[in-house]
Amino acid sequence: MAEEDDTRIRILQSLRGKICEAKNLGPGSGSTRLRDVSTFCTISLDQEEVFRTKVFEKTLRLATKKKKTHTPFYGEDFYFEIPRPFQCLSFYVYFKSVFQRDLPVGKVSIRKEDLSKISGKENWFTLQPVDPNSQVQGKVHFEMKLNELITENGSLNQQLAVQSITCQGLPLISGQNCDSYATVTLVGPGRSDQKKTKVKKKTSDPQFEETFYFEVTRSSNYKKSTQFPVEEEDIEKLAIKVECWNNGNLVQDVFLGETRVSLKILKDDHCHKAWYLLLPKGNGNKAKVDDLGSLRLNVTYTEDTVLPSACYAQMRALLLKSPEVKPISASSAHILGDVCRDQNEAMLPVVRLLLHHNRLLPFVSAIAEQELEHTQEANTIFRGNTLATRCIDDMMKIVGRSYLMVTLKQVLDEICDSNKSCEIDPIKLKEGDNVESNKENLQGYVQKVFSSITQSSASCPPLMCDVFRSLRQMASKRFPADPHVQYSAVSSFVFLRFFAVAVLTPHTFQLRPHHPDPEISRTLTLISKTIQTLGSWGSLSKNKLSSFKETYMYDFFKSFQEDKCIEKVKKFLDDISSNVSKESSGLADSLVLKEGEVHKRAQGRKRLGKKNFKKRWLRVTNRELSYHKHRGKDALFVIPVKSIMGVEKLDESAFNRKNMFQVIHVEKPLYVQAGNCVEASEWIEVLSQVSRCNPGRLGTYHPSAYLMGAWLCCHHSFETQPGCKPCTMSMPVNIQLDIDCDRETERIFSMFSSNLTKLLKMEDACASLSVYLGQQKEQEEYSLFTIQDPRETFGTIQNVRMVLEELQAHHDTHGALADEPGSMENPIVGKTS
């Protein structure tokens, strides 16, 4: 979403991290034979699974003479935007057996408010048992009133009324919406008066329009009062407990959560209504159980409070001015890199912001030129983790994703799926392996990867070509006596920091769905090392070969000492960094953007019946959207991308199903149900992106379906009736990426704010006499800052501080207007019995 379109305050959440490994996993329950057991992990938002690792085979290890445990290494990276509110993030470990259902070993549950305590840190977590009574999610709203009643004998009594019971966000049961009901119980010493609502079918957001009345016992010394006070001794003994259940019909009902509210809340006000979080029974407290093992996790949760776009105008203008500031070290973007030097992803929002506004090339050129001025030897060019290399790395990851897909995905799929043995280290060879056969396998893989790269120059994104051309020209100017430096300046990025890294960890670039097995990972490591050396200019000379520490690698590289390899690398580097302007052909080939299993509604059939929805394999490329009976099968139906007129969410009420979206095209809308909320959000995003510049996109749409001769949303009877709701992405944007500039500016504000102490220290350094005298390097506390022009840098820091104070004032105003406890957005965490 572009910042110009946003006038609201938005709370945007994301989660990234790694499921590292588990240790000492117990044998589980039942008669599972340990030697047959494999394990996998899942991630759930509340009770909705949103991520699953691949299955890891036979991770059994003998821990003691009598006990065997599982110690799987998962190494699975994950990242996703969180598209909805949630209460709890959970990681589950399962045993998977050939002949039995998956058995939960244990879980790690972290409440949302506790995520900040562990964010960005690697920790071991003890697995807790998976108890159905602790698997809850959602919230409940109800109203309590105290009424004054006169009984038949004339005495005054109290009556408690509980009404307006509404639930939101109840979990799916067996993949379907709940058949839910609620129980309301007045609890106190020696009494438990329970009442039950009717069952609401097929909804996760039921509204129980019922009122329940309870008599409240008064103490013997009660006297009539016009102010009708409620005595404290009565209130402290009574509470209302609301429990939510799923009606099991022929099976046992499923507990969905509860909350408990003391009547003392009515002491000063005879009416109370609020939203409460549903909690596990007993708040999830459990007696000590047997050790189930541990899970090592690294989790980073980010929550951005994005203000209206106008609030970021000054900060954005200051950052976009950075490429013009001289020296570049005095710019706000460079200063951020200085104060966040130890944060690897600190420059990513700056890169994305400058990229959106077409200001990245001059900024990268300026900081690269500054680095070259301090580079003394040509063979060390762009080898460190500097501001320039970090920015160019981030740029390549953003704009080069489709380039990697076109160039490497097919060959990496072949390598990972065929899984030929490629070990050439004699020490690591397995019994029965033949080193010559392995060397032949590895050489074949390297040749395929090398050829794919060196023949891909036409697919290289124009921005990458522009940056490489700029680097090449500056390197030649800095080292005019070295004819090879113009190539090493480019190869140090495109081979060492781009292709070699993607080959080594394809899952982090979405080239493969999961972290590879250890054997495949070893093969990819050998290929990556070879590609690095082949691509490094001059690496094929004999003096480079003599620098290899491993004898087996030295012998292997001899097979690549051919002039044609050098010529291929040279031609490739010339092509991607030449002065000749060319159009990228990265979109000429069909590029798979996303694929996966979904449930698709059969078009033109009746609303009722299980056959209405069928499992299908959905696949979207830059050219077409298609669905197939199974993966790899011929397409059953194809929708050209150019004919997509809109991609929108579908109301849950249309088919009583969650996570549905619709693809509006020239024929009837295609209705699709994704596996979870994250999947649905990703499908909508990728389809919207690939079709966003279509000239026939609609401005309005129907959020529900056309059934029984009418649109369920607006009740119009004509199927061709224009939509009743504005589309969310109706305006085409002339940019290859969808960058939320307000969110990126908010992240920059957060980083400046969290590093304010360093910013102030840099300001002091600019004002110190030693800096003016050029002696700042003698002061250790200032040595990390790049201060070429103290006066200019001081002025920029003053401007940064000013806009930080202004933005903080906007945030403070938002905080003062935040939702009160008990609102839908800020429910109360109550108690349980």
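Q: What does the secondary structure of the protein chain come to, and what share of its residues is buried?

A: This is a predicted model, and everything said here is a reading of that model. The secondary structure of the protein chain comes to 20 helices and 30 strands, and of its 833 residues, 51% are buried.

Q: How should I read a nonpolar core, and which residues have the most contacts inside the largest one?

A: The general idea is that nonpolar side chains in soluble globular proteins tend to be buried together. In this structure the largest nonpolar core has 114 residues, and those with the most contacts inside it are Met395, Leu408, Phe468, Val494 and Phe752. Helix H11, which spans residues 485–504, gives the largest share of this core, namely twelve residues.

Q: Which residues is Met395 in contact with, leaving aside its neighbours within four places in sequence?

A: With those neighbours left aside, Met395 is in contact with Val351, Leu360, Gly400, Leu463, Met464 and Val467.

Q: How is the packing of two helices described, and at what angle do the axes of H11 and H12 cross?

A: Two packed helices are described by the angle between their axes together with the distance between those axes. For H11 and helix H12 (residues 518–535), the axes come within 9 Å and cross at roughly 170°. Angles over 145 degrees count as roughly antiparallel, and H11 and H12 are therefore roughly antiparallel to each other. On the H11 side, Ser491, Phe495, Leu496, Ala500, Val503 and Leu504 take part, and in H12 they meet Leu524, Thr525, Ile527, Ser528, Ile531, Gln532 and Gly535. Sorted by class, this contact has eight nonpolar, five polar and no charged residues.

Q: Is Glu143 buried or exposed, and what does its side chain make a polar contact with?

A: Glu143, whose place is in strand S10 (residues 139–150), has a relative accessible area of 10% and is therefore buried, since buried means under 20%. The side chain of Glu143 makes a polar contact with the side chain of Lys145, at 3.5 Å. Not counting residues up to four places away in sequence, Glu143 touches Ala161, Val162, Gln163, Ser164, Cys271, His272 and Lys273.

Q: How many residues of helix H4 are buried, and which peptide bond is cis?

A: Helix H4, covering residues 332–339, is mostly covered, with eight of its eight residues buried; among them are His334, Leu336 and Asp338. The cis peptide bond runs from Lys326 to Pro327, with omega near -5°, and Pro327 has its place in the loop between helix H3 (313–320) and H4.

Q: Where are Lys202 and Asn358 found, and what are their phi values?

A: Lys202 is not a glycine, yet its phi is positive, at about 50°; this residue is found in the loop between strand S13 (191–196) and strand S14 (207–208). With a relative accessible area of 36%, Lys202 is partly exposed. Asn358, also a residue other than glycine, has a positive phi near 60° and is found in the loop between helix H5 (348–356) and helix H6 (360–373). The relative accessibility of Asn358 is 68%, so Asn358 counts as exposed.

Technical notes: Residues numbered from 1 in each chain as written. Predicted model: local features only at pLDDT ≥ 70, side-chain atom pairs only at ≥ 80, totals over all residues. Heavy atoms only, no water. Core = buried A, V, L, I, M, F, W, Y, C linked by side-chain atoms within 4.5 Å. Buried < 20%, exposed > 50% of the residue type's maximum accessible area, 1.4 Å probe, protein only. Helix = DSSP H or I, 4+ residues; strand = E, 2+ residues; numbered from the N terminus. Contact = heavy atoms within 4.5 Å. Axes fitted to C-alpha atoms, helices over the stretch in contact; angles between N-to-C directions. Parallel < 35°, antiparallel > 145°, perpendicular 65-115°, else oblique. Nonpolar A, V, L, I, M, F, W, Y, C, P; charged D, E, K, R; others polar. Polar contact = N/O pair within 3.5 Å; in protein donor to acceptor, adjacent residues only side chain to side chain.
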